[in-house]
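Subject: Structure handover

Hello,

I am passing on the structure we spoke about. Please find it below, followed by my notes.

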Amino acid sequence: MARHIVAAAGEILPGGRKLVTIRGREIGIFNLGGEYFALLNRCPHQGAELCKGTLIGLATSREPGHFELTRRFEMLKCPWHGWEYDIRTGQSWCDPNDTKVRAYPVTVEHGATLVKGPFVAETFQVAVEQDYIVVEM
Amino acid sequence: MTPEDGRTVVAEAPASASRSKLKLIDCDVHHALRSSKDLLPYMASRWHAHLEEFGRHRPVPFTAASPYPKTAPALSRTDSWPPNGGPPGSDLAFMQEQLLDPYNIEYAMLHLLMSGMDERNQDLGNATCSAINDWQYEHWTQKDKRLKAAIVVPGEDPPAAVREIERWAGNPDFAQVSLVTHAIEPLGRRRYWPIYEAAAALGLPIGLHSSGNNGHAVTSAGWCSYYVEEQHNVALSQQNLAISLVCEGVFERFPALKAVVIEAGFVWVPSVAWRLDQHWARMRGEVPHLSKKPSEYFRQNIWYTSQPSDEPENPEYLRQSLDWLGWDRLLFATDYPHWDMDNPEQALKFRMSEAEQRQIFAENARAVYGLA
Amino acid sequence: MNTMNMALPGGIDCDVHPALPGMQALLPYLDAYWQEQVTVRGIDGLDLASFPLQMEAHGRRDWREPGGKPGTSLERLQRDALDGFGSRLAICNPLYGVLAIYNEHFAAAVARAMNDWITAEWLDREPRLRASITVAAQSAEHAVDEIERRAGDARFVQVLLLAQDEAPLGNRRYWPIYAAAERHGLSIGVHAGSTFRHATTSNGWPSYHLEDYAAHSQAFQSNLLSLVHEGVFNKFPALKFVLIESGFTWLPAFMWRANKTWRGVRAEVPWVDRAPGELIRDHVRFTLQPTDSPPTGEDMERLLEQIGSDDMLLFSTDYPHWQFDGQNVWPAGFSDALKRRVLVDNPRNAYPRLKEALQ
């Protein structure tokens with residue numbers, strides 16, 4: 001692992017992002033309210049440039065007709081098939097697994113939790129060191 | 001920090017090196033008008049004033065939007081907007097840069113998602129179709145020889161449609177004849193047969209890309225509420241379209257006619273064919289014009305583009321569909337620049353022999369469209 | 001000759017069709033006002049166009065009197081369907097045209113009369129019969145009244161709707177019906193057929209009955225999309241939907257596509273908290289006929305594996321519709337173990353109100 005300087009402190013504004021190439025790999029650096037996160041610019045689904053996706057919030061609902069938006073601008077919508085990724089963790093939402101019903105619990109929880117998907121976008125540690133934003137990879 | 005139920009998937013390098021080396025024939029690419037004014041040079045001047053004042057007139061509730069808002073603007077990948085402006089698909093140079101060159105595409109079959117066929121003013125509809133074809137020829141197929149257009153025809157006016165086909169007959173830039181699929185009648189109906197007669201005589205397939213508006217509800221059970229439903233329902237309409245072509249006897253009357261069902265995928269075909277066979281066996285007296293079981297027409301006269309590729313838990317299930325359908329039936333398509341397009345290097349994740357790959361990614365299309 | 005494997009238990013036939021001979025048969029069950037309306041205005045012939053009963057496909061030759069309307073005789077149903085297949089129970093789904101009537105008051109009156117008729121002339125005379133409640137879903141209020149009226153009779157196990165109505169069946173206009181059904185442990189039966197509020201396909205009107213019949217399967221799929229995405233399974237988690245005479249071999253391809261679309265458009269319907277395929281496996285069941293079978297038993301085994309659940313299919317003959325010859329009710333590819341589930345366990349679980357009867 002090595003430390004790579006990707007930007008000057010303050011260069012990426014809150015809500016902003018920067019795409020950099022480190023050791024041949026494209027990484028997106030995101031500033032969420034002063035915290036920095038880094039994701040590989042490649043969607044695990046079909047390889048789209050994930051980090052160029054639209055910043056969205058997380059839409060949840062407790063029942064049909066109820067809409068709630070939280071985590072505004074902390075989720076990334078892949079530019080291709082629109083899968084939603086949590087920038088903080090790389091976790092995708094929506095379980096695409098066609099799991100057999102025998103292995104799945106019968107009770108249904110009313111919309112309180114989303115089923116996590118098995119895809120996780122690759123993330124990297126980001127630190128702010130004095131005047132620079134640094135990615136470890 | 002790892003999620004509870006997830007497994008980290010390390011983003012892989014482009015799937016198989018062999019795919020990157022394959023020549024691809026992409027059977028569904030969407031070019032687009034930069035502006036509706038682009039057609040005016042090809043339309044008589046009376047239409048200039050007409051369009052200025054009256055615009056287009058179709059059986060849809062809004063002048064400039066769908067009642068089912070799409071999940072992304074222009075239904076497209078958010079990274080497909082050309083840097084020089086214009087909507088996705090409108091800039092040839094950007095299409096070359098984003099699609100044709102990097103994926104080693106040998107030919108791309110163009111499908112415009114606009115037609116004069118569902119224009120309620122029939123004269124305007126006819127003029128629009130002709131203009132579209134002139135525009136495609138000048139601005140697309142003549143500028144990049146990889147591009148093949150479809151002859152867009154005003155299918156609700158069959159004599160005019162036949163004239164338009166004959167106008168382009170023999171022109172190698174046009175590889176098929178295109179009709180909207182949400183037509184006023186199911187497309188197997190006899191009123192459309194003069195079009196099939198003309199196409200078959202010229203060896204041109206009919207390309208049936210999900211499109212158009214006919215004023216019918218988007219499902220036979222009424223109007224759905226959400227785009228997430230509509231997106232799937234239009235694929236179900238394509239199934240009914242194929243059923244119509246078969247059951248009305250289009251392929252009996254025109255045995256050489258080839259039809260390509262576009263943007264509906266292919267995994268639905270076996271179950272539709274099995275269902276038709278079962279009920280045809282008990283209703284045969286109604287359709288004496290069919291000399292074969294319905295399933296045979298599905299496997300002899302119709303081809304299917306691969307997109308949107310389905311993603312069952314076990315990708316090998318797709319092989320089972322193709323084993324029944326026939327490996328010669330499938331035509332690879334990206335559907336660039338739409339949001340649900342398939343990446344040629346990543347889609348269709350089941351195992352394929354080299355021969356099967358060549359068939360799906362190029363050779364089936366080469367045979368259907370008579371390409372060099 | 002009964003060629004069925006006699007080691008299999010008698011099952012629950014989840015789709016038989018007693019037929020109303022005509023409005024004459026309903027007159028005793030109508031009030032004075034409607035008796036007069038029907039008689040003076042000569043109202044009759046409300047058999048659904050989706051099932052023209054003179055077609056052999058809708059009345060197997062050996063299950064009808066020549067020139068007669070199939071399904072009108074209790075004795076024949078007892079002999080052909082119940083005894084013929086060793087069934088313990090059969091669920092009656094009458095297909096007289098209540099749902100296609102425009103006058104909602106008339107529709108409600110006919111619905112009520114149908115339910116009285118089926119009680120008196122079928123359920124009361126044959127203890128092995130159960131029934132769906134006929135409702136005029138044109139008015140949710142009328143439909144709920146009728147459900148409340150019948151709920152106390154344990155022989156009614158289901159509320160019957162048609163697959164091609166005015167709106168896809170997940171639409172909120174139907175929710176009071178679902179709420180009433182869920183309250184009373186009734187399942188919702190969606191039977192093939194159209195009220196002709198819309199063309200039989202979204203592409204317009206095909207020429208042939210064969211196409212209309214084939215098109216039922218697309219209609220069922222549109223309804224599943226609606227039920228999933230409107231949130232019916234979230235709102236009514238105890239409710240089971242039974243798709244009747246829908247076919248089922250289209251199901252795997254349908255689920256793959258529905259799952260994929262949902263993943264990209266999820267935020268439009270944020271209450272859908274699981275993949276459509278999961279919700280369908282939990283809440284939806286399918287009657288066996290028509291099987292729309294693939295060419296070989298091996299193909300069918302693979303298809304059943306692709307469906308991913310042994311719980312979903314419910315035994316049916318679809319009597320007197322012609323879906324198979326002789327006693328060949330089972331397609332190739334069904335193991336004995338699966339047949340047992342399909343005959344007894346799955347119907348029992350799909351219809352909570354049957355559990356009492358099977359004690």
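Predicted model: local features only at pLDDT ≥ 70, side-chain atom pairs only at ≥ 80, totals over all residues.

Chain C

The secondary structure here consists of 12 helices and eight strands. Along the principal axes, the C-alpha atoms of chain C occupy a box of roughly 55 × 55 × 45 Å. Taking contacts in chain C between residues at least 6 apart in sequence, 82% link residues that are at least 24 apart.

A helix pair in chain C

Two packed helices are described by the angle between their axes and the distance between the axes. In chain C, helix α5 (residues 140-150) packs against helix α6 (residues 175-183) at an angle of about 10°, and their axes are 8 Å apart. Because angles under 35 degrees count as roughly parallel, α5(C) is roughly parallel to α6(C). Their crossing is right-handed. On the α5(C) side the contact is made by C:A140, C:A143, C:V144, C:I147 and C:E148, and on the α6(C) side by C:P176, C:I177, C:A180 and C:A181. Sorted by class, the contact of α5(C) with α6(C) has eight nonpolar residues, one charged residue and no polar ones.

Chains B and C

How many residues does each chain bring to this contact? Chain B gives 60 residues and chain C gives 57 residues. On the side of chain B that touches chain C, α7 (227-248), α9 (269-283) and α11 (316-325) of chain B each supply at least two residues. The largest share of that side comes from α7(B), with 16 residues. The class breakdown for the side of chain B that touches chain C is 29 nonpolar, 21 polar and 10 charged residues.

Chain A

Buried residues account for 42% of the 137 residues in chain A. Among contacts in chain A between residues at least 6 apart in sequence, 49% join residues at least 24 apart.

Regards

Definitions and conventions. Residues numbered from 1 in each chain as written. Chains lettered and ligands numbered in written order. Helix = DSSP H or I, 4+ residues; strand = E, 2+ residues; numbered from the N terminus. Contact = placed C-beta atoms within 7 Å. Axes fitted to C-alpha atoms, helices over the stretch in contact; angles between N-to-C directions. Parallel < 35°, antiparallel > 145°, perpendicular 65-115°, else oblique. Left-handed = near helix turned anticlockwise from the far one by under 90°. Nonpolar A, V, L, I, M, F, W, Y, C, P; charged D, E, K, R; others polar. Buried ≥ 20, exposed ≤ 12 C-beta atoms within 10 Å, placed from the backbone.
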